[in-house]
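Here is a short briefing on one protein model. Have the sequence and the 3D view open as you read.

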Amino acid sequence: MSKKVIVIGSGFSGLSAACYLAKSGCDVTVLEKHDSVGGRARKYEKNGFTFDMGPSWYWMPDVFEKFFADFGKKVSDYYELERLSPSYRVYFSDGPIDIPSDINDMYQLFESIETGSAEKLKQFLKEAEYKYQVGMNDLVYKPGLSLTEFMNADFLKGVFKLDVFNSISSHIRKLFKNPKLVQLLEFPVLFLGALPQNTPALYSLMNYADIVGGTWYPKGGMVQIVYAMQKLAIELGVKFEFNVDVNKINVQQSKVSQLVSNKTFTDFDAVVSSADYHFTEQLLEKSYRNYSDKYWQSRKMAPSSLIFYLGVNKRLPNLLHHNLLFDEDFEVHAKEIYTTPKWPTNPLIYVNCTSLTDKTVAPEGNETVFVLIPIAPDLVESDEVKNHDFDLVIKRIEKHIGISFKDNIVFRRDYAGSDFIKDYNSFKGNAYGLANTLSQTAILKPKLINKKVKNLFYTGQLTVPGPGVPPSLISGKLVANQVQNTL
């Protein structure tokens, strides 16, 4: 008789875990708080405008291919990918730079900004390729339960090449002096985890993913990945129950005995929570939790976000699909996120305009625009602050693209830390999990398994391997392996 497993949450890690568990022969049911799949990657539609609510960058296409290949499938069986060219646009104070998708054009771009930097970029990417191959094909597939996972000759021989004890900030600055080049190479870690000087140089693998792997778009939006995974899960026999908000986990004899929501679930052999790890812990009596309140308060969190979802009733041809406004001081904004948390004075800004690539996401002649400001987690919000930041970012975007459009905004929805808490039970309203610091890497992350409750497991961005869509897919696989080893 097949073992019954309940997965809490249908974000990327939850869907991944459900698929792997079903493939192994488990009878899997996914409980989802909302009325649709996706978690942070849900779709939001209003007045003909369609938004990906969360992730919008499709990097590391090889990880998605590996996921579907594990089930005898291909990405193309479910959705169509388009490589963006240029990959994205960066607005500096003196004008924009388009980041080319062709690697040789990238070398030429670097050389045009700083003499000799093309050869240095080749060296940088060669080292980053090694980190990517080892990191994404080996390190991220370790469950992070014991140091012995890393005690093999090949890893120990190559550990210094992985640059885990050097910061990415110093690594980049040894090769490049021009501030623009430094900012271009530092932005992936700044937006996704920690100050560059506190992030291991291992994470230059992100630069390899960006520059060599490319920036892609799944036609129909990032939600198409979610739909693909749900379809695969259903093909594997997974069942879904929506509008189920689990609010209590009861334990008897060191095992989860009940999940309490608007109804009570008792018929299962194991539970995997892809909900926020901290939130899941609060559903347990204190004696059954892996980590104390003191532990969680000591964690360094990645940023939260202030997001504006906008419908604009005119075309904005001077934008690209992805746009970064680096026209203000990089270091000041970083400190306002990580060092002295406060609402940013002159923030860096990310602008996504999917309707320039995909005509299905906005009414004809209109644009769907997503504007994001990285902010410190746990900030106190107010309409006054959000309106101030809205006016600020619109003025800056209008200045750079040479088009006024504030009066053409026919739809606006604000989304910030309190919304992350309300919708996803996000610890301190974070958007990206734990900061990618050395002290929060691999075995130093919260564990996949509950050490006190034999049949309770965790997956998602607050455990291994970490934040981001590709790591979430891998996290689901890792936790499924742990469940199978236990049942």
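Which residues does Ile349 touch, not counting residues up to four places away in sequence? They are Asn323, Leu324, Leu325, Val371, Leu372, Val393 and Arg396, where contact means heavy atoms within 4.5 Å.

This is a predicted model: local features need pLDDT of at least 70, side-chain atom pairs count only at pLDDT 80 or more, and totals for chains, interfaces and linings use all residues. Residues are numbered from 1 along each chain as its sequence is written, and side-chain values use heavy atoms, with hydrogens and water left out.

**Ile349**
- Ile349 lies in strand 16 (residues 349-352). Helices (H or I, at least four residues) and strands (E, at least two) are DSSP runs, numbered from the N terminus.
- Ile349 is buried, at a relative accessible area of 0%. Buried means under 20% relative accessible area, exposed over 50%, and partly exposed in between (1.4 Å probe, protein chains only).
- Ile349 and Leu372 sit 23 residues apart in sequence, yet 6.0 Å apart in space, C-alpha to C-alpha.

- Seven strands make an open, mixed sheet in the order 7-6-15-16-17-14-18. Two strands pair if DSSP finds at least two bridges between them.
- Strand 7 (95-99) and strand 18 (409-415) are at the edges with a single partner strand each, so one side of each has no neighbour in the sheet.
- On average, neighbouring strands of this sheet are turned by 20° against each other, direction ignored. Axes are lines fitted to C-alpha atoms, and angles run from 0 to 180 degrees between N-to-C directions.
- Strand 14 (residues 304-312) pairs with strand 18 in the antiparallel sense, over six bridges. Arg412 in strand 18 is the bridge partner of Leu310.

**Helix 3**
- Helix 3 (residues 103-113) has Met106, Tyr107, Leu109 and Phe110 buried. Seen down the helix axis, the buried residues fall within an arc of 160°, so they line one face of helix 3. That arc is taken from the directions from the helix axis to the C-beta atoms.
- Gln108 and Ser112 are exposed, on the face of helix 3 turned away from its buried side.
- At the start of helix 3, a side-chain oxygen of Asp102 comes to within 3.0 Å of the backbone nitrogen of Asn104.

**Helix 1**
- Helix 1 (residues 12-23) is mostly covered, with eleven of its twelve residues buried. Among them are Phe12, Leu15, Cys19 and Tyr20.
- Just after helix 1, Gly25 takes a positive phi of about 105°.

Technical notes. A polar contact is a pair of N or O atoms within 3.5 Å; within protein, one must be able to donate a hydrogen and the other to accept it, and residues adjacent in sequence count only if both atoms are side-chain atoms.
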